[in-house]
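I am opening my notebook on a structure that is new to me.

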Amino acid sequence: MTGRFPSPPSRDRVRPDVAVVGAGPIGLSIAWRCAARGLRVVVHDPAPGSGASAVAAGMLSPVAEAYFGERQLTDLLLASAERWPRFAAEVTEVTGVDIGYRTEGTLMVGLTGDDLAEARRLWAYQQGLGLPVTPLRPTELRDREPALAPRVRGGALAPTDHQVDPRLLVPALRAAAQQAGAALVPQPVRQLSDVDARVTVVAAGCGAAALTGLPVRPVKGQILRLRAPDGVAPGFRHVIRGYADGEPVYLVPRVDGEVVLGATVEERSDTTVTAGAVQRLLRAGVDLLPELAEYDLVETVAGLRPGTPDNAPILGPLPGRPDVLAATGHHRHGIVLAPITADLIADLVLGGVSDPLLAPFRADRFLGLTPGGSPDRTTEGDQWS
């Protein structure tokens with residue numbers, strides 16, 4: 001794709017070169033990268049960081065979240081995860097903010113024999129892709145994490161799956177973007193015709209459907225936050241992902257004593273926290289790590305992920321609108337995909353040429369589908385990330 005994008009700009013023009021709609025981690029990362037390259041950037045959002053990222057756990061898990069039938073998405077996740085160490089270092093260097101980036105790795109576990117059999121199917125697939133998954137016996141698991149329940153039947157280590165704290169990341173990205181010259185406009189965008197810029201980037205999460213007609217739907221997720229007693233660090237270091245009597249669950253430890261426990265995946269658009277979801281998540285979490293029963297329950301919250309029909313993001317120009325770029329539909333991968341999304345979209349804005357990495361994620365793969373929409377079903381217990 002070529003043409004109709006701005007040449008490297010001069011700062012004396014009033015009209016923005018780039019308008020980014022949405023100030024979550026995707027939108028702010030794009031704004032930062034574009035502004036750092038000399039573009040005049042405005043970001044439209046009445047409540048920055050109030051969307052899916054406010055609920056997300058911040059797992060950077062391209063290996064543990066490599067699922068059957070999603071090979072192209074897995075390749076994108078891996079490419080973005082490789083950029084995360086440098087990306088995290090840049091954010092901290094520019095802003096002076098510790099964003100909670102941790103590299104202890106992820107343990108994937110099965111509580112029962114059936115849980116372990118299900119997990120092993122996925123690990124075999126992941127190993128078949130050449131991903132770093134190391135099976136561990138129960139004794140090896142507890143050597144790494146003594147707090148794991150004695151009942152845990154086995155597991156595996158994904159050493160390159162890391163984590164970051166989204167509630168620290170988003171304010172840091174906002175600061176980085178503003179320091180690079182991006183301006184924040186705290187008003188909502190009701191329609192794209194209200195935006196005056198040479199290129200508009202729609203990074204509005206679930207709101208992208210109404211703005212663009214793309215098939216982005218809300219996928220509800222409920223999540224819990226616990227805190228270790230007396231303000232000490234949690235009794236485990238790794239991210240724990242696993243199955244407990246058939247219930248998928250994850251636990252993410254923070255150095256300040258917080259543990260994020262999640263999450264449901266529900267084809268619904270409300271943000272009501274339900275007793276059943278809380279009960280299931282707590283039961284699964286305590287089954288894997290019994291010490292959680294003594295932790296404080298400090299928050300129960302629900303948010304909406306921007307899902308697409310194939311669970312992959314939508315990246316690039318709208319059909320027939322080369323001046324409007326989509327950067328949405330990241331579902332449960334918005335945090336891990338922030339660096340690569342920002343780089344690819346910034347490259348596209350500056351050069352007008354689409355990187356081959358974007359090809360599987362073009363908006364035109366959904367031509368003929370209606371925006372939004374969700375099947376009438378509810379499933380509990382998959383992953384926020």
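Entry one, overall size. I checked the radius of gyration and found 21 Å. A compact globule of 385 residues would have a value near 21 Å, so the two agree. I note that this is a predicted model. Next I took the box along the principal axes. The C-alpha atoms fill roughly 65 × 45 × 40 Å.

Entry two, elements and packing. I counted eight helices and 18 strands. I then looked up burial: 56% of the 385 residues are buried.

The protein exposes about 14,900 Å². Carbon and sulfur atoms supply 51% of that area. I looked up 38 positive and 43 negative charges. Their mean positions lie 4 Å apart.

I picked Arg225 and asked where it sits. Arg225 lies in strand β10, which runs over residues 217-227. Is Arg225 buried or exposed? Its relative accessible area is 2%, and buried means under 20%, so Arg225 is buried.

I then listed what Arg225 touches, leaving out residues up to four places away in sequence. Ala54, Val55 and Ala56 are among them. The list also includes Arg167, as well as Glu258, Val259 and Val260. Further along the sequence, Arg225 touches Asp296, Leu297, Val298, Glu299 and Val301.

Methods
Residues are numbered from 1 along each chain as its sequence is written. This is a predicted model: local features need pLDDT of at least 70, side-chain atom pairs count only at pLDDT 80 or more; totals for chains, interfaces and linings use all residues. Side-chain values use heavy atoms; hydrogens and water are left out. Helices (H or I, at least four residues) and strands (E, at least two) are DSSP runs, numbered from the N terminus. The radius of gyration is taken over C-alpha atoms; the globule rule is 2.2 Å times the number of residues to the power 0.38. Buried means under 20% relative accessible area, exposed over 50%, partly exposed in between (1.4 Å probe, protein chains only). Accessible areas come from the Shrake-Rupley method with a 1.4 Å probe; for residues, only the protein chains shown count as cover. Lys and Arg count as positive and Asp and Glu as negative; His and the chain ends are not counted. The place of a charge is taken as NZ of Lys, CZ of Arg, CG of Asp or CD of Glu. Contact means heavy atoms within 4.5 Å.
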